[in-house]
Amino acid sequence: MSETVNTFEAQQQGRPTGPLVRGYEVIIGFETHAQLSTASKIFSRASTAFGAEPNTQACAVDLALPGTLPVMNKGAVERAIKLGLALGSHIAPRSVFARKNYFYPDLPKGYQISQFEIPVVQGGSVSFFLGEEKKTVRLVRAHLEEDAGKSLHEDFIGQSGIDLNRAGTPLLEIVTEPDMRSTAEAVAYARELHKIVTWIGICDGNMQEGSFRCDANVSVRRPGEKLGTRREIKNLNSFKFMQQAIDYEIRWQIEEIEDGRKIEQATVLFNPDTGETRAMRAKEDSADYRYFPDPDLPPLVIAGDWIERVRATMPELPRAMAERYVRDHGMSEYDAAQLTQSPALARYFDDAVKAGATPKLASNWITGEMARRLNAQEIGIEAAPVSAQQLAQLVQRIADGTLPNNAARQVFDALWTGDGSDVDAIIEAKDLKPMNDTGALDKILDEVIAKNQKNVDEYRAGKEKALNGLVGQVMKASGGKANPAQVTELLKAKLA
């Protein structure tokens with residue numbers, strides 16, 4: 001179970017208002033459980049491997065059997081430190097574990113070891129682009145805790161089974177301020193956080209296996225009114241379901257208010273089969289859990305030199321890499337952010353530039369034609385059939401005027417489908433070299449002008465766009481071999 005998102009009205013003064021939905025402002029906060037990539041559990045040496053037979057990876061410590069004592073997993077702490085460093089958070093030199101008391105069948109000891117008053121990671125932020133607009137979501141905290149087990153309902157007629165393999169698995173619960181103002185912004189935040197935790201290696205990010213689970217706190221209000229009552233959508237384990245669930249919940253709350261009914265604070269589940277949310281239970285607040293310091297665990301003390309040792313193992317962060325691209329290659333922040341969506345994508349771009357590609361052209365091809373084909377085939381950049389070196393060679397031929405864009409796409413297609421492996425050889429085989437015969441090009445220009453009098457008249461009347469139609473006709477007549485920039489200048493001269 002998750003912490004209550006901090007939604008004090010004072011924190012919302014001056015926060016930007018997002019797009020209104022039927023006259024209502026949407027307020028969204030997130031609580032994300034990231035399963036840490038340790039080989040053993042947070043307070044025991046039992047394995048965290050996924051997919052084992054039920055109840056084969058739960059030891060006496062995980063079940064809190066009499067006489068057992070929890071021992072902190074150092075690797076889990078180091079992963080929390082990494083997150084704090086990645087998000088610009090304060091890493092508490094001293095934090096405390098607490099018992100969070102509640103009854104649930106898959107929590108046999110009757111309490112969950114978590115952090116309450118003093119979490120290990122405090123504050124910080126996550127920045128991302130929504131379209132080309134930069135957004136920043138503030139974080140309240142990230143705290144260490146253990147996971148509960150899992151109830152199994154599908155395999156037993158009229159009964160439920162309990163699998164305690166997951167009990168004691170280390171989690172970081174990452175809690176935001178209620179800063180998001182639309183479903184699109186919420187999903188973009190979740191994607192960015194997913195990118196960060198996988199980039200720094202603290203979580204494998206496998207949403208289907210429950211390694212990255214999001215809870216969305218959603219409320220609506222009329223602009224200027226006090227914050228509405230929130231409902232928490234639990235365990236959203238795909239970005240698609242996240243979008244559907246939040247969209248439905250927003251519509252449902254607005255309709256309830258419009259019909260004169262009061263929103264009750266509740267925990268709800270999303271049913272992907274029906275596309276609806278339904279209330280599971282009344283939402284608890286912190287007082288309901290009777291938090292108190294865990295008597296079996298001393299305070300967690302993190303010395304400054306420990307933080308520095310962890311910092312030394314960190315990879316270059318995506319935001320630092322993006323800043324480097326802006327500084328060294330003159331890119332826009334948006335383009336740099338697109339290229340740092342994963343370490344593999346950034347590495348591909350770096351390799352292409354090292355092989356001689358113009359950074360801007362390489363970026364355009366990677367985020368354009370390359371991304372389109374990768375998405376269509378549902379593969380990552382690691383599986384792209386065009387290597388970074390091949391892309392660099394292609395980009396060089398565009399930059400030196402050997403290949404117009406239309407011909408370049410033909411070469412790229414040949415590389416992608418395996419019809420060739422060398423750019424220059426493909427250009428020769430397909431006769432894609434640009435038209436250098438100025439007499440032949442001049443003849444094509446005259447023919448196009450003669451056949452497109454309407455475009456000619458419109459251009460001479462001041463309609464610049466009419467020239468594009470003429471350029472297109474020349475490119476078509478030349479089989480894509482003419483240089484568009486040269487064609488444009490020649491046409492302007494002839495029509496002056």
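Reader: Why does cysteine 203 count as buried?

Author: In this predicted model, cysteine 203 has 3% relative accessibility. Buried means under 20% relative accessible area, with over 50% called exposed and anything in between partly exposed (1.4 Å probe, protein chains only), so cysteine 203 counts as buried. Local features need pLDDT of at least 70 and side-chain atom pairs count only at pLDDT 80 or more, while totals for chains, interfaces and linings use all residues. Side-chain values use heavy atoms, without hydrogens and water, and residues are numbered from 1 along each chain as its sequence is written.

Reader: What makes cysteine 214 buried?

Author: Its relative accessible area is 0%, so cysteine 214 is buried.

Reader: Happy with that! Now, which residues of the lining are closest to the centre of the second largest pocket?

Author: That pocket holds about 960 Å³ of space. Its lining has 20 residues, and Arg191, Gln341, Ser342, Leu345 and Asn375 are the closest to the centre. A pocket here is an open set of points on a 1 Å grid over the protein atoms alone, where a 1.4 Å probe fits, with protein on both sides within 12 Å along at least five of seven lines; lining residues have an atom within 4 Å of a point. The volume is the space filled by probe spheres set on the points, which are joined across faces, edges and corners.
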